[in-house]
Amino acid sequence: MTDGSPTDDSAQTTDSDASEPTGSGAAATAGAAAVTLDRIAVYPVKSLDAEFVDAADIVENGGLRGDREYAIFDEDGEYVNGKRERAVHRIRSSVSLADGTVELSAPEMDDYDGPIAEADDWLSAYFGYPVELRRDPAGGFPDDTEASGPTVISTGTLDAVASWFDGIDADEMRRRLRPNLVLDATEPFWEDHLFDRRGTVVEFAIGAAAFEGVNPCQRCVVPSRDPDTGEETPDFRPTLVRKRRETLPEWSGGDWFDHDFRLMVNTGVPESSWGETLSVGDAVTVGDIVSE
């Protein structure tokens, strides 16, 4: 594995490489400075607000303990989330993971403060139709069930993408994109080192935990909306698509960019690292490209 220092460009694996991926260090990081884990976010209720923690255990599906442990469902068993229900954005939440309670507030609603398991009536009244919270303590309800590890982005990417839009700063962009792990790497799109072409994964580690970078995350409608109001930001998607293509770094791996509305990295975690703990400040090391 590398320590975050540059490698020779000739070592990079490209789509034109005819050979199988090898332990060439092709995914080595850009920039001489060491990269560390800057922030950990878990989203205890899928689609609601983040809780920031200094450390998080990896559970048996590779996700973070407490992340998307609860999700809101309608009577048809469908998610009530930002993709399907714009009103989700106007809910503010604060979850205590230690005792299983939640504080909820929304326009024209009395606040709720009590057990998460008893918040169904408040949520149903807010949405105007029956919903229920379901819990999966074993692995939660990840967005990507095949790459169910934490999502990864860098501080440099948040800064760069926010600069493409008037009135949006890096913190708001983080709230729109909803990553689990933010790496302290100032070079925009640093995290694109963590995936390569289809059929491969990039091995990397954060502290003692091993990861596999799988693919650049396909984005839905959620990032295009104001995270507080749900209002659409004009031209968000076409602007991001255009600028993403214009700024795509040479280290963005593989053939994933059949469209350019991709940002952040989806990951998997090998069973050997289930039970490991991630902590803010952990060093990030990048290893080999290997076949899935």
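Some conventions before I start. Residues are numbered from 1 along each chain as its sequence is written, and side-chain values use heavy atoms, with hydrogens and water left out. As the model is predicted, local features need pLDDT of at least 70 and side-chain atom pairs count only at pLDDT 80 or more, while totals for chains, interfaces and linings use all residues.

I begin with Phe73. Phe73 lies in strand S4, residues 70-74; strands here are DSSP runs of E, at least two residues, and helices are runs of H or I, at least four, numbered from the N terminus. Phe73 has a relative accessible area of 6%, so it is buried. Buried means under 20%, exposed over 50%, and partly exposed in between, with a 1.4 Å probe and protein chains only. Leaving aside residues up to four places away in sequence, Phe73 touches several residues, including Tyr79, Pro130, Arg134 and Phe141; contact means heavy atoms within 4.5 Å.

Arg134 puts its charged end over the ring of Phe73, 4.3 Å from the centre. The criterion is NZ of Lys or CZ of Arg within 6 Å of the ring centre and within 35 degrees of the ring normal. Arg39 is placed likewise over the ring of Phe52, at 4.4 Å from its centre.

Now the ring pairs. There are 10 aromatic pairs in the structure. Rings of Phe, Tyr and Trp (its six-membered ring) pair if their centres lie within 6.5 Å; planes under 30 degrees apart are stacked, over 60 edge-to-face, and the rest tilted. Phe73 and Phe141 make an edge-to-face pair, 5.6 Å centre to centre with 65° between the planes. That pair links distant parts of the chain, since Phe141 is in the loop between S8 and S9, 68 residues from Phe73. Both Phe73 and Phe141 are buried.

Phe165 and Phe236 are stacked, because their centres are 4.5 Å apart and their planes at 15°. Phe165 is in the loop between helix H2 (155-162) and helix H3 (170-177), and Phe236 is in helix H4 (residues 236-246), 71 residues apart. Phe165 and Phe236 are buried.

Last, Asp136. Asp136 is in the loop between strand S8 (131-135) and strand S9 (152-154). Its relative accessible area is 27%, so Asp136 is partly exposed. Beyond residues up to four places away in sequence, Asp136 touches Glu69 and Phe141.
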